Amino acid sequence: MKFSKAVSSSRSTGRKAHLSAPSSERRKLMSAPLSKDLRTKYNTRSLPVRKDDEVLIVRGKYKGREGKITQVYRKKWIIHVDRVQRDKSNGSTSQIGLHPSNVVITTIKLDKDRKAILERKDRSKIPPRANKTAETA
């Protein structure tokens with residue numbers, strides 16, 4: 001069921017909007033969930049990934065590996081994690097691209113902007129929504 005008039009419910013229009021999104025929107029779309037301990041510490045479920053975050057891969061061939069994000073490649077919708085690479089036939093190695101939804105952030109690279117984001121997203125500071133039936137009664 002459609003709720004917002006600003007967003008199309010057409011599959012092709014939604015795909016076009018997603019795949020042709022500008023870099024500023026892709027940053028938010030390329031978010032990863034926080035680990036259980038970070039989730040309780042910051043009262044936040046997910047964050048946009050960033051270059052020096054440490055992540056644990058939870059899906060796919062490289063499941064269980066941990067590493068630091070070396071590159072966020074917004075144009076291709078992928079991130080590169082160090083030590084997640086394959087050997088090529090000519091002897092060189094190439095990075096394997098992972099989608100951010102397949103990783104969990106275990107350590108956050110904190111700076112003043114990131115702290116401000118976490119402060120703003122803190123769920124414990126948001127008052128619970130009043131019940132509409134309680135207001136009318």
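Visitor: Where is Ser46 found?

Guide: Ser46 is found in strand S2. Keep in mind that this is a predicted model.

Visitor: Is Ser46 buried, exposed or partly exposed, and why?

Guide: The general idea is that a residue under 20% relative accessible area is called buried, one over 50% exposed, and one in between partly exposed. Ser46 counts as partly exposed because its relative accessibility is 25%.

Visitor: How far apart are Ser46 and Leu34, in sequence and in space?

Guide: Twelve residues separate Ser46 and Leu34 in sequence, and their C-alpha atoms are 5.2 Å apart. Pro33 belongs to strand S1, residues 31-33. Pro33 and Pro100 are 67 residues apart in sequence, with 8.6 Å from C-alpha to C-alpha. Pro33 counts as partly exposed because its relative accessibility is 27%.

Visitor: What should I look for in the backbone angle phi of Trp77?

Guide: Most residues other than glycine have a negative phi. Trp77 is not a glycine, yet its phi is positive, at about 65°. Trp77 sits in the loop between strand S4 (66-73) and S5. Trp77 counts as buried because its relative accessibility is 11%.

Visitor: What is the phi of Asn43, and where is Asn43 found?

Guide: Asn43 has a positive phi of about 55°, although it is not a glycine. Asn43 is in the loop between helix H3 (36-42) and strand S2 (46-48). At 30% relative accessibility, Asn43 counts as partly exposed.

Visitor: How many salt bridges does the structure hold?

Guide: The structure holds six salt bridges. To read one, look for a side-chain nitrogen of Lys or Arg within 4 Å of a carboxyl oxygen of Asp or Glu. One of them joins Asp111 and Arg50, with the closest N and O atoms 2.7 Å apart. This pair links distant parts of the chain, 61 residues apart: Asp111 is in the loop between strand S7 (103-107) and H4, and Arg50 is in the loop between S2 and strand S3 (54-57). Asp111 counts as partly exposed at 28% relative accessibility, and Arg50 is partly exposed with a relative accessible area of 28%.

Visitor: Which residue does Arg114 meet in a salt bridge, and are the two partners buried or exposed?

Guide: The side chain of Arg114 meets that of Asp53, at 2.9 Å from N to O. This pair also links distant parts of the chain, with Arg114 in helix H4 and Asp53 in the loop between S2 and S3, 61 residues apart. Arg114 counts as buried at 5% relative accessibility, and Asp53 is buried with a relative accessible area of 0%.

Visitor: With which residue does Glu119 form a salt bridge?

Guide: Glu119 forms a salt bridge with Lys125, and their closest N and O atoms are 2.3 Å apart. Glu119 is partly exposed, with a relative accessible area of 48%.

Visitor: Which residues form the positive surface patch?

Guide: The patch is formed by Arg27, Lys28, Arg120, Lys121, Arg123 and Arg129. Helix H2 (23-29) and helix H4 (112-121) are the elements that give two or more residues to it. To qualify for a patch, a residue needs over 30% relative accessible area and no salt bridge. Take Arg120 as the worked case: its place is in helix H4, and it counts as exposed because its relative accessibility is 62%.

Definitions and conventions
Residues numbered from 1 in each chain as written. Predicted model: local features only at pLDDT ≥ 70, side-chain atom pairs only at ≥ 80, totals over all residues. Heavy atoms only, no water. Patch = residues over 30% accessible without salt bridge, like charges linked within 9 Å, V, L, I, M, F, W, Y side chains within 5 Å. Areas by Shrake-Rupley, 256 points an atom, 1.4 Å probe, with all protein chains shown as cover. Lys, Arg positive; Asp, Glu negative; His and termini not counted. Charge placed at Lys NZ, Arg CZ, Asp CG, Glu CD. Helix = DSSP H or I, 4+ residues; strand = E, 2+ residues; numbered from the N terminus. Buried < 20%, exposed > 50% of the residue type's maximum accessible area, 1.4 Å probe, protein only.
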